[in-house]
Structure formats: C-alpha cells, structure tokens
Amino acid sequence: MIAAIKPAGSNTRGLLAYLYGPGRHDEHTDPHIVAGFAMLGMPDSGRDENATLTQLARHLDAPVHLRNSEFGKQVTDHVWHCPVRTAPEDRNLSDAEWAEVAQRIVHAAGIAPEGDDLACRWIAVRHADDHLHILATTVREDGRRPKLHGSGIRVGDACRQIEKDYGLRQLKKGDGTGARRPTQAEMHKATRLGWERTSPEWLQDRIRAAIPHASSVEELLAYLEADGVEIKGRRGPSGDLLGYAAGCPGDLAENGEQIFYAGGKIAPDLSLPKLRARLESTTPEEHPTARRDRTTTPWHQATEALDTLHTGMSDDTYAQAHITALGELIEATAQKAPTDLRQELRAAGTAFARAQRSRIRAEDRTASALRSAARDIVSTAAGPDGSALAALVAAMVWAAILAERWHEAKGHAHQADAARQALQHLQTATDQALAPVLDGFAARQPNDQTRRTLTHDVRAAIPDHADRILTDPTWPALATVLADAEARGHQPHQLLKEAAAQRELTTARQPARVLITRIQHTSRNPAPNARAAAARRRTTASTQAATRHPHTLQDPAKVGAPGARQLHHRR
C-alpha cells in the first residue's frame, strides 16, 4: 500500500472537482465518500443528488475562513491531499475497510488524531477499486495548524502495519533517502511529449553519468551544460556556488519558461553539499591517466581498488563511501565497455543508484582510489582488452554482493534489494564478457601431466572447495590460466590460496570461473626473478657507494692511489 502525500494546495473546490469528475481518461467510477471527520450531514454529491461540490468545499473550509477572518495573515496552503493505493495483486477492499484505512492514515499523519474532537476536517473519496483519496484542510477547529512534520514517515509506517493486518502485499519500510516519485502531472506530460521518462528521471541519469567526468562541482555543471542539460546556478555575493538546479531541454512551463529542478529534489544524494563532498574528496592528478606504473591500465587499477574493498566493511563510514564510489565505477565502466555489454552495465548502474545512499554518513576520502579509477576509465581513449574487462566486471559482482550483505545487516531493505537487482545485471555482463576469454583458454589446455599436477595444487591449496572446482565446467580453462601463470614464474599453489582468500567461494555459482578472473589479474605480469632482483640490489648498492665516495671510481693513476705508485716504482 502506497500513500503519497502531495504538496500543499489552496483550492479545495478544484480538488473536489477532480475527485468527483470522470478523471483524465474516464477512469473514475462511482465517486463517493467512505469516511470523514463527521459523516452525519456531510454533503456527498456521489450519494445525494441535491448536494453540490461547492457546499462540500465550504463545509471543509469553514475553519480556514474563520481563522483568516480573525488573523491578519491569510492561510492559503491549507489543502492536504493523500492518494492511497493498493498493489495490483491485492484484493479489492470494501468501503468499510477503506474507511478504517483512511482513519488510521489521518491519525498517523496528525491530521485527525484519534479522540481529538478539535482536529482538522477531512474526507476520504473512493472512485476506483484499488485506491482512494484523502482530502483535509489543515486548520483545526480551534484555529491552530496541525503538526505535520515527519508525517510522511509516520504514514508510511502505518501503511506497513495495515498491509500486515489486511493481508496485503508487504512493502519495505522506507528511510527517507529514496528519490522522489514522479507526479501524475510529470508522467502525463512525458506521455504527451513522447518521452520515455519524466524530466527528473532523465536528469538523474544524466547527472550520474557525468559524475565520473568531474573532480569538482563546477566541472560537473560545465560538463552537464556541454551535454545539453539546462543548468541554473545560485551564487553568493562572492561568486561562490550556493546551489544549482537542472532542467530537461523542452520541458517548459505554460508561460514558455524552462522548468528547473533543484539537485536535492532530483535525488537526495545529488544536492550541492553531497556532490561537493564526493567530488572534492580526492586531489586531482596532473593528468587523469598518469600513473607510476605505465604497464597498468585503468581497468587493472579499478580491479585492484576493488580487491581491498572487503577489508574495511566493518567501518560503516568506509563501507558507505565505497558503495557510493562503486556506483560511479559501474557507470564509468558502462560508458567505455563494448556495445554488447553496455546495456547490462547501464541497467546495473541504474539499479545500484538506490543502493548508493543511506542515512549513514560516508567518509568519502577513504574511497579516493576507487573514485580515481572511475575517472581514469572515462578519461582513457583506449578500450579494455577482454580479459581486463572480464576481471573488472567479475570484481564488481563480488563488490555488489558485499554491498548487499552490508545493507542487509544494517536493515536497509530498499538498498539491499537494489544491490540484488544490480547484481543480476552484473552477473549477466560477466557471463558475456567471460565467454570469449574462456573459449580461448579451453582451446589450448595443458597436457595431462600438467593437469594432474595442477589438480594436486587445487586439492592442497583449497581442500574445502576442490571437488566443486574440479567438476566445474570451466576447470579446463582454469588449468590453462594456472599453467600460463606458472610459465611466467608464479606458483600455482600460492596463487590459488591468495585468490580463495580474496573472495569466499561458498556462495560462488562457478568457483573455478571466479578463480580464473582473480588469478588472471594477479598473475598478468611475470613473477620477480630472484637472481635479477639480487643483481639490481647490488647495482643499487654500488651506485649509492659511488655517490658517497666518488673517488673510488676514478682512475687510480690520476688520484695517486697506492697501486699507481707501486707501478711507477717498478718502472
């Protein structure tokens, strides 16, 4: 059951005309009052042909007019409107049941607390099987205004209890961090203009897609403007940015002016303070793709940043920051991934957006490595090779699992559900990314002797999961990966132990495939050669000694060394 409290209005008669009218698409049938503040003598034009909507509006507005006549300041925002709807699969409630639902909602909202004879005037109008509308005027009989702060949360809690009591579909409890639902007007406008989404939904997608491209709010707004989004900044006398609003091109008001939405109204985590904390938590590099290790690509860097995600999830501020940055990484990867993977990755990013925010404060600086990796990915001109992309997407699967578990442990039902939805898309993307890689490995399997040796390594390194690994259809490909790693100087036994410690295998659908992406990533470079390392240490020591004692490297004859003197004496 969803109860959506609308913004306060001023025209009681106008709202009644809609509730008792045919509807925008003739969907209203048999409109009538099922409950109200005083049913006796209520002028209900749905049941009394002599009653009029004007009479009903005056009846409801009476305390408002009385207050306005006694006080100088006029009350104009007095119309409280709350549609209440059941789920499509729910049974149809009777009028008596809807009446009780309405009474419980106005009590929870503070409109008409039970037993309060001086409460606000209200009615509940039913004009369909699956929903009704509660209309109230927010001036009490004693002239005071009701206390409605936090009414949305209280009404939501009441709906959760009503669902249990009436055997209806049980929705998850909200925490106030969800994005605002589109209004009926916004949805009808999108349909009329042929848009797939409403303006706020389109703007949310565009802003989230732009975040990995910016290291400050100013850069973000400039990028959005260049991308065709209408931007209006609010600045103080010093020129500092105090707020911003965004608009969808072509979304105009009746007077022809552009309609803008404040960032925090588009989504709670897109307000100026939240964006500033995220974007300015890292120090920009000289060049976005500049790194000390020139052989490591941004795709490998992103995978490495995810490798340590599990180490700090016990710290809530760390966990929230990394989950937020994970959403940015998914978005960045979707923008640079091959076309065949882009749809699933974008769907994963859209679903994960709800998992990115909760009431727990994020320590954004702790996620600087992950956020920098996302920026590097969107800044690089070259796309990923197949194995690097497969390793990254597989790492994001594990990261999404960690995010789901953390949200579940914290009681964040909506966020955990969003992480699960994103996980499904990421798993599909992983399947697609790995398919050609696995085919290539399976086509060049090691010989029987090598496979027997590697089988022994698996049983010794991961005994608890050895049988599942060795019977996994992707075991031949894993054997190839291990043989390749051994040829580069790595120890298969050690690689297996490290990979199993990095990601638990109990919940893995295909443990061998999980190990493939992990081991291929960690063993992509040749293992350090012990002799070469010793030689480099000797060379370094000699160089340092020469720096401290430069005369030891000069010609002995020129510095009068003993050897030179002895040679001269013999001559």
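Gly233 has Tyr244 of strand E7 as its bridge partner. The model is a predicted one, in which local features require pLDDT of at least 70 and side-chain atom pairs count only at pLDDT 80 or more, whereas totals for chains, interfaces and linings use all residues. Residues are numbered from 1 along each chain as its sequence is written, and side-chain values use heavy atoms, with hydrogens and water left out.

Strand E7 (residues 241-247) is joined to E6 by six bridges, and the two run antiparallel. Strands are DSSP runs of type E with at least two residues, helices are H or I runs of at least four, and both are numbered from the N terminus; pairing requires at least two DSSP bridges between two strands. The open sheet to which these strands belong has three strands in the order E6-E7-E8, with antiparallel pairing. Its edges are formed by strand E6 (230-235) and strand E8 (261-262); each has a single partner strand, so one side of each lacks a neighbour in the sheet. Helix H6 (residues 199-210) packs on this sheet and touches E7 and E8, its direction making about 120° with that of E7. Contact denotes heavy atoms within 4.5 Å; axes are lines fitted to C-alpha atoms, for helices over the stretch in contact, with angles from 0 to 180 degrees between N-to-C directions.

Strand E5 (residues 131-137) pairs antiparallel with strand E3 (residues 79-85) over seven bridges, and Trp80 stands opposite Ala136 of E5. Six bridges join E5 to strand E4 (residues 121-126), again in the antiparallel sense, with Ile123 partnered by Leu135. E4 and E5 form a hairpin with four residues between them. Strand E5 is largely enclosed by the rest of the structure, because seven of its seven residues are buried (under 20% relative accessible area, with exposed over 50% and partly exposed in between; 1.4 Å probe, protein chains only).

The axes of helices H11 (residues 316-336) and H14 (residues 386-409) come within 10 Å and cross at roughly 145°. The residues of this contact comprise 12 nonpolar, three polar and one charged (nonpolar: Ala, Val, Leu, Ile, Met, Phe, Trp, Tyr, Cys and Pro; charged: Asp, Glu, Lys and Arg; polar: the others, Gly among them).

The structure holds zero disulfides, a disulfide being a pair of cysteine sulfur atoms within 2.5 Å. The sulfur of Cys159 lies 7.2 Å from the closest cysteine sulfur, that of Cys82, which is too far for a bond. Cys159 counts as buried at 1% relative accessibility.
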